[in-house]
Structure formats: structure tokens, C-alpha cells
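Hi everyone, thanks for making time this morning. I'd like to walk you through one structure, so let me put it up on the screen.

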Amino acid sequence: MKDIIGIECNSCATQWRIEIEIGKNEIETFATLCECGAIIVGNRRNKVDDEIAESMSIKERYLTNGSYSIISIDHEIVNKLPLLELE
Ligand SMILES: [Zn+2]
């Protein structure tokens, strides 16, 4: 299962789609580099049941290292963005 989110790099303002593979860990860590060289690192909280997840804000569910912002988790928007592969 994958979680697909839209992000915007705070250095170059490029918007990307990233696809986070959801594993068994409570916290999923993901990392990559933007084309401009900015280091994109974040965490996603995995083990919350669906009802809690629905009521969680993006800021509660995802943690960023500050070099990017999460702009959307709406698949219709996110799927139009270019994919930034995770490392
Ligand atoms: Zn960038």
C-alpha cells in the first residue's frame, strides 16, 4: 500500500508527488533530494486506525524537516504532479 502526497520545496517552490510505501513500522521515514539539492526528509505516522486518521490534520500525520511543505493529500490534485522518487 502506498500513500501519495503532494509537496512543495521551500527552496525552489517546485511541487512534487511522493509515494510513501506503508510498511509495518509505526513511523515510516522517507527521504529524497529535490532537483535543487534540498534534502527532503519526513515521517508518516502509520498505525492509527482509520477513524482517527480521518480526523488527524496533515501536520499531525506527517512531519517534515522544514525544507518542504505538504500541499495536498487529495489524489486528484496530487496525481497531476511529477513524481519525485524516494531514496
Ligand atoms: Zn527544490
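So, what radius of gyration would a compact globule with 87 residues have, and what does the protein have? The globule would be near 12 Å, and the protein has 12 Å, which agrees. For the record, the radius is taken over C-alpha atoms, and the globule rule is 2.2 Å times the number of residues to the power 0.38.

A word on where this comes from. This is a predicted model, in which local features need pLDDT of at least 70 and side-chain atom pairs count only at pLDDT 80 or more, while totals for chains, interfaces and linings use all residues. Residues are numbered from 1 along each chain as its sequence is written, and side-chain values use heavy atoms, with hydrogens and water left out.

Now the overall picture. Along its principal axes the C-alpha trace spans about 35 × 25 × 20 Å. The protein has six strands and three helices, and from the N terminus the order is β-β-β-β-α-α-β-β-α. Those elements are DSSP runs numbered from the N terminus: H or I with at least four residues for helices, E with at least two for strands. As for burial, 37% of the 87 residues count as buried; that means under 20% relative accessible area, with exposed over 50% and partly exposed in between, using a 1.4 Å probe and protein chains only.

Let's go to the metal. Which residues coordinate the zinc ion? They are Cys9, Cys12, Cys34 and Cys36, each through SG, at 2.3 Å. Donors here are N, O and S atoms within 2.8 Å of the metal, or 3.2 Å for Na, K and Ca; water is not among the atoms, so sites may look incomplete. The zinc site is tetrahedral, with angles of 104 to 113 degrees among the four donor atoms. The ideal, as you'll remember, is 109.5 degrees for four tetrahedral donors.

In sequence, the zinc donors follow C-x2-C-x21-C-x1-C. That links distant parts of the chain: cysteine 9 sits in strand E1 (residues 2-9), and cysteine 34, 25 residues apart from it, in the loop between E3 (27-33) and E4 (39-45). Cysteine 9 is buried, with a relative accessible area of 2%, and cysteine 34 is buried too, at 4%. The structure holds zero disulfides, meaning pairs of cysteine sulfur atoms within 2.5 Å.

Next, the neighbourhood of E1. Six of the eight residues of E1 are buried. E1 runs antiparallel to E2 (residues 15-21), with seven bridges, and antiparallel to E6 (residues 68-72), with four. Strands pair if DSSP finds at least two bridges between them. Isoleucine 5 stands opposite isoleucine 18 in E2, glutamate 8 has glutamine 15 in E2 as its bridge partner, and cysteine 9, our zinc ligand, stands opposite tyrosine 68 in E6.

Together, the three strands make an open antiparallel sheet in the order E2-E1-E6. E2 and E6 are at the edges with a single partner strand each, so one side of each has no neighbour in the sheet.

One last stop: the hairpin of E1 and E2, with five residues between the strands. Alanine 13 lies in that loop and has a positive phi near 65 degrees. Most residues other than glycine have a negative phi. At 46% relative accessibility, alanine 13 counts as partly exposed.

Technical notes
Tetrahedral: all angles 85-135°; square planar, octahedral: opposite > 155°, others 65-115°.
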